[in-house]
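Student: I would like to work through this model with you, one element at a time. Could we begin with the terms and then turn to the residues and helices?

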Amino acid sequence: MSASYEFLLLDVADRVATVTINRPDKLNALNAAVIAELDRMFTALAADTGVGAIILTGAGRAFVAGADIVEVAAGAASPAGLEAIAAFGSAVFTRIERLNKPVIAAVNGFALGGGCELALACHVRIASTQAKFGLPETKLGLIPGYGGTQRLPRLVGQGRALELIFTGDMVDAQRAVAIGLANSVVEPPLLLEAARALALAACKNGPLALAHAITAVTQGADLSMDAALALEAQHFGAVGRTADVREGTTAFLEKRAATFRGD
Ligand code: COA
């Protein structure tokens, strides 16, 4: 991937891409340029058959400390208001959520506001003991605008989500795990290793199966149970027509490891 990025670092090893948001002097706050780079990076990684899973993390002491408040203040004062800012960030986060390969947030520090919402758009969240999650927008007279009012209640329940939104308070990693906001918590030096172990485990499995599973889970969540089960059946049928399913089942019966080609 030759394109250059001002605010993102990329490392690819063993089909696992690690994307690091690198604006540590502003605690990786999301200005429009960072969000546009995330969009470009994830679009490129989605198309890269050499990448099977993606880890997203932050440089320094934050994962992401939110939308860039300088831009939010300017947006609130502009004729277009904040709608354009929310629409852009929200669309990018939704594209990340709907990506065709697993996206794991390795939450190394503050995941506040838009940073918490970015972690919520990832498929799995692994936290270090230094992580702090929160939606502090109401402290600024705002509400979450990058999906937080929708993804957080779906993940932790309305009561817990509204408690976080009402107070704007941060919760630590242990509490985040207890309420289902984070999957697990590890000591800081083990964070990337833990995320990588999960990514590598996913990379062993059928890439088309992973992509269909992501679609069934993320899009099924917004449907009635009957419609969601029909969506699952449709994707079950679609993977059934792949060479990967023939390889996976044959390898099992032949008592060998499967080699998936993603076709
Ligand atoms: N937007 C823009 N800049 C931000 C930012 C944000 N969301 N979060 C932090 N920064 C900047 C600070 O302005 C500061 O810049 P400066 O050194 O040029 O003054 C730098 O990052 C370091 O932050 P600082 O506040 O000095 O660190 P701290 O350790 O005292 O506090 C936080 C850390 C996360 C508690 C605090 O930065 C904070 O509350 N940030 C805003 C969180 C928020 O409301 N996010 C939702 C936005 S909608």
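Tutor: Let us start with exposure: buried means under 20% relative accessible area, exposed means over 50%, and partly exposed is in between, with a 1.4 Å probe and protein chains only. This is a predicted model, in which local features need pLDDT of at least 70 and side-chain atom pairs count only at pLDDT 80 or more, while totals for chains, interfaces and linings use all residues. Residues are numbered from 1 along each chain as its sequence is written, and side-chain values use heavy atoms, with hydrogens and water left out.

Student: Is His212 buried, partly exposed or exposed?

Tutor: His212 lies in helix α9, residues 207–220, where helices (H or I, at least four residues) and strands (E, at least two) are DSSP runs numbered from the N terminus. Its relative accessible area is 21%, and therefore His212 is partly exposed.

Student: Which residues does His212 touch, not counting those up to four places away in sequence?

Tutor: Contact here means heavy atoms within 4.5 Å. By that criterion, and with residues up to four places away in sequence set aside, His212 touches His235, Ala238 and Val239.

Student: How far apart are the C-alpha centres of domain 1 and domain 2?

Tutor: The domain bounds come from an automatic or database domain assignment, which gives domain 1 as 8–203 and domain 2 as 207–253. The contact takes nine residues from domain 1 and seven residues from domain 2. The distance between the C-alpha centres of the two domains is 26 Å.

Student: Where is Leu99 found, and is it buried or exposed?

Tutor: Leu99 is found in the loop between α3 (83–97) and β5 (103–107). Leaving aside neighbours within four places in sequence, Leu99 is in contact with Phe42, Ala46, Ile54, His123 and Ile214. Its relative accessibility is 7%, so Leu99 counts as buried.

Student: How many of the residues of α4 are buried?

Tutor: The buried residues of α4 are Gly114, Gly115, Cys116, Glu117, Leu118, Ala119, Leu120 and Ala121. The helix is thus described as mostly covered, and the number of its residues that are buried is eight of eight.

Student: Are α3 and α4 roughly parallel or roughly antiparallel to each other?

Tutor: Two packed helices are described by the angle between their axes and the distance between the axes. Axes are lines fitted to C-alpha atoms, for helices over the stretch in contact, and angles run from 0 to 180 degrees between N-to-C directions; angles under 35 degrees count as roughly parallel, over 145 as roughly antiparallel, 65 to 115 as roughly perpendicular and the rest as oblique. The axes of α3 and α4 come within 8 Å and cross at roughly 30°. The two helices are therefore roughly parallel.

Student: How are α4 and α5 oriented to each other, and what is the handedness of their crossing?

Tutor: Helix α4 (residues 114–121) and helix α5 (residues 148–156) pack at an angle of about 55°, with their axes 10 Å apart, and α4 and α5 are therefore oblique to each other. Glu117, Leu120 and Ala121 in α4 meet Gly148, Arg151, Leu152 and Leu155 in α5. A crossing is left-handed if the near helix is turned anticlockwise from the far one by less than a right angle, and right-handed if clockwise. The crossing of α4 past α5 is left-handed.

Student: Which residues of α5 meet α6, and what is the handedness of that crossing?

Tutor: With α6 (residues 158–167), α5 packs at an angle of about 135°, the axes lying 7 Å apart, and the two are therefore oblique to each other. From α5, the residues Thr149, Leu152, Pro153 and Val156 meet Gln158, Arg160, Ala161, Leu164 and Ile165 in α6. The crossing of α5 past α6 is right-handed.

Student: Is Lys255 buried or exposed?

Tutor: Lys255 is found in the segment after α11 (243–253), and Lys255 has a positive phi of about 55° although it is not a glycine. Its relative accessible area is 76%, so Lys255 is exposed.

Student: What is the phi of Leu27?

Tutor: Leu27 is found in the loop between β2 (16–21) and α1 (32–47). Leu27 is a residue other than glycine, yet its phi has a positive value, near 50°.
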